[in-house]
Amino acid sequence: MIDSPSEVRIVDITRGEKYEMYLYRCIPISPKSASTFFRKYSKRRQYLEEATPRRFHKAILIFKEDVVGQIEYAPAEASGLPISGEDIIVMNCIWILRRAKGHHFGRLLMNYMMESEPQAAGFATLALEGHLSPWLRKGHMEYLGFKPIDSVRMRHKTKHSDVCFETYLMWLPRRAEAKPPSWDKDKLLEGVSFCMAHPLYHPETLKTMKQIYERC
Ligand SMILES: CC(C)(COP(=O)(O)OP(=O)(O)OC[C@H]1O[C@@H](n2cnc3c(N)ncnc32)[C@H](O)[C@@H]1OP(=O)(O)O)[C@@H](O)C(=O)NCCC(=O)NCCS
């Protein structure tokens, strides 16, 4: 139960030092692990250096002084996902910790993103179904308002290669006439590098392999 709206704050942490560790890692986080991570995780640092001047944003949701949520988004051309389109904002990630469930904080973060990008024709993201990880479920993204407009059936080439899963391109137009996004399916098979916690992350250990996924 939220007693007062002031118990909930959304803070843009893209610039400034106070919450810098949350830029480099997902919540939950311990400050100790953050400092080592900050130095080691060069792909994330590289992504932030390229994307921040191109209107990348990350915001955290603080409830009763506890950081329990995050959202990360950027124009398609600066996003961490292989999605493109005109005036489209791509949501790299959204997450509300289980301990803060039941307050519709996910919707608050979605509204925050949409209000902070008034010129966007629509919003896009990826979702998964049948993946072994519990993250980025299609049902969760549908609950937040996105609809699937295309999908690829794929599997990891070396890890649990017997498991096929669907990756969906999800779309939430702001205006009915908005042109839907497209995606680069070959690039998708390379995985993503902007965040280590992403279920489609391409680890350094497989750097000699260009595409770590294949269709199935
Ligand atoms: C999707 C998400 C942001 C929604 O969080 P939230 O807004 O706090 O959701 P709430 O717990 O307040 O639920 C709000 C309502 O939606 C419902 N709901 C939540 N997820 C749902 C789903 N997948 N399908 C249908 N309804 C759902 C809840 O039952 C609740 O309904 P009620 O109000 O009738 O009780 C959150 O579930 C989440 O972070 N999921 C994981 C996202 C993820 O994988 N991130 C990447 C990590 S790498």
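Residues are numbered from 1 along each chain as its sequence is written. Because the model is predicted, local features need pLDDT of at least 70 and side-chain atom pairs count only at pLDDT 80 or more, while totals for chains, interfaces and linings use all residues.

**Exercise 1.** Determine the order of the strands in the open sheet, and state which strands stand at its edges.

*Solution.* Strands are DSSP runs (E, at least two residues) and helices are runs of H or I with at least four, numbered from the N terminus. Two strands pair if DSSP finds at least two bridges between them. On this basis, eight strands form an open sheet with mixed pairing, in the order β1-β2-β3-β5-β6-β8-β7-β10. β1 (8–12) and β10 (213–215) each have a single partner strand, so one side of each lacks a neighbour in the sheet.

**Exercise 2.** Describe the shell around the ligand by its elements and residue classes.

*Solution.* β5 (88–96), α4 (105–116) and α5 (138–143) each supply at least two residues. The largest share, four residues, comes from β5. By class, the shell holds ten nonpolar, seven polar and two charged residues. Here Ala, Val, Leu, Ile, Met, Phe, Trp, Tyr, Cys and Pro count as nonpolar, Asp, Glu, Lys and Arg as charged, and the others, Gly among them, as polar.
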